[in-house]
Amino acid sequence: MRSLVVGVDGSPGADRALQWAAREARLWAARLHLVHCYPMDRDTGLWLDEDKQAATDTLDDITARARKHLAGLEWDAQIEWAPSGSWAYKLVDRARGADVLVVGSRGLGGFLQLLLGSVSHHVSTHAATTVAVVRDQADAVADSGDVVVGVDGSAPSLRALHWGAREAARRGVGLRAVHAYAVPSAQRNFSRIVGAETAAQVHDHARAAATELLAGAVDRAQLPADTPVRQLVAAGSPAGVLVSTTRPEELLVCGPRGLSPLQQKVLGSVSDQCLRHAQAPVVLVRHAPPPVE
């Protein structure tokens, strides 16, 4: 049976992530595992009886608030004991073998001021499985928006396109493949140096090449024949284009890294920027999508 793991801590962001994960579990006919990490006593390094009771009470409150979202699902909830600062490692370890690990963008830690919290950033960087990060203000239960996939022709982006196609089919929504391209005409004084006509020609050539690249990537992905894909190319940075063209009620899907010079990093610069700035939930695909059941 397919499985999804969601990290919960009682924060509004984690509650939002739980709602999103429950909906995904229902779409996938998957089992949902709720994981609540609780710290050991800072002074003794032990888990006191009052700590255990507090953790149990918190998890009970979380599941009670989510009762309507969990109704009809196969699910379980457990407490993981861990020193403060190591919760992300526990979530990554707990999610081994799961299809998706879901976290909120921020929790109850000391990083609330950041757009992307320390736990979600660590999970996105180090998890071996596909990760979904749900933004606090995103509409976690909306199902009317398209699935948007960043495509640059790399193998990770083609896996993301497959994942996005399956997700769009499950949701019954549109699939939009997006490719960003850069042109010198966007640089300051370029048209003044080469002339407006030449600058326009450079832009047209760049757009044509980008259109051809995207179409070729969609063909290579070999999606099911009945999969409608709207293809969009736009001038600008990849992260900027993806963030600006994805609405909060949509879902943004991308690979953990692509064709940039930073592809050797576990988390590429484009996906990192999407996680930090997109208003929609973001999925980083690290393996092939599960089959439609």
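This is a predicted model: local features need pLDDT of at least 70, side-chain atom pairs count only at pLDDT 80 or more; totals for chains, interfaces and linings use all residues.
Visitor: What is the general idea behind a salt bridge, and how many does the structure hold?

Guide: Side chains of opposite charge can pair when their charged atoms come close. The structure holds 14 salt bridges, and one of them joins Arg171 to Glu24, with the closest N and O atoms 3.1 Å apart. Arg171 lies in helix 6 (residues 155–171) and Glu24 in helix 1 (residues 12–28), so this pair ties together parts that are 147 residues apart in sequence.

Visitor: With which other residue does Arg171 form a salt bridge?

Guide: Arg171 also forms a salt bridge with Glu167, where the closest N and O atoms are 2.8 Å apart. Because Arg171 and Glu167 are four residues apart in helix 6, about one helical turn separates them.

Visitor: Are Arg171, Glu24 and Glu167 buried or exposed?

Guide: Buried means under 20% relative accessible area, so Arg171 counts as buried at 11%, as does Glu24 at 1%, and Glu167 is likewise buried at 1%.

Visitor: Which residues are linked in a network of salt bridges?

Guide: The network links Asp146, Arg176, Arg247, Glu249 and Glu250. Within this group, Glu250 forms a salt bridge with Arg176, the closest N and O atoms being 3.0 Å apart, and both of these residues are buried.

Visitor: At what angle do helix 9 and helix 10 pack?

Guide: Helix 9 (residues 238–245) and helix 10 (residues 269–277) pack at about 35 degrees, with their axes 9 Å apart, and their crossing is right-handed. Among the contact residues are Leu242 of helix 9 and Cys274 of helix 10; by class, the contact has six nonpolar, two polar and no charged residues.

Technical notes:
Residues are numbered from 1 along each chain as its sequence is written. Side-chain values use heavy atoms; hydrogens and water are left out. Axes are lines fitted to C-alpha atoms, for helices over the stretch in contact, and angles run from 0 to 180 degrees between N-to-C directions. Helices (H or I, at least four residues) and strands (E, at least two) are DSSP runs, numbered from the N terminus. A crossing is left-handed if the near helix is turned anticlockwise from the far one by less than a right angle, and right-handed if clockwise. Contact means heavy atoms within 4.5 Å. Ala, Val, Leu, Ile, Met, Phe, Trp, Tyr, Cys and Pro count as nonpolar, Asp, Glu, Lys and Arg as charged, and the others, Gly among them, as polar. A salt bridge is a side-chain nitrogen of Lys or Arg within 4 Å of a carboxyl oxygen of Asp or Glu. Buried means under 20% relative accessible area, exposed over 50%, partly exposed in between (1.4 Å probe, protein chains only).
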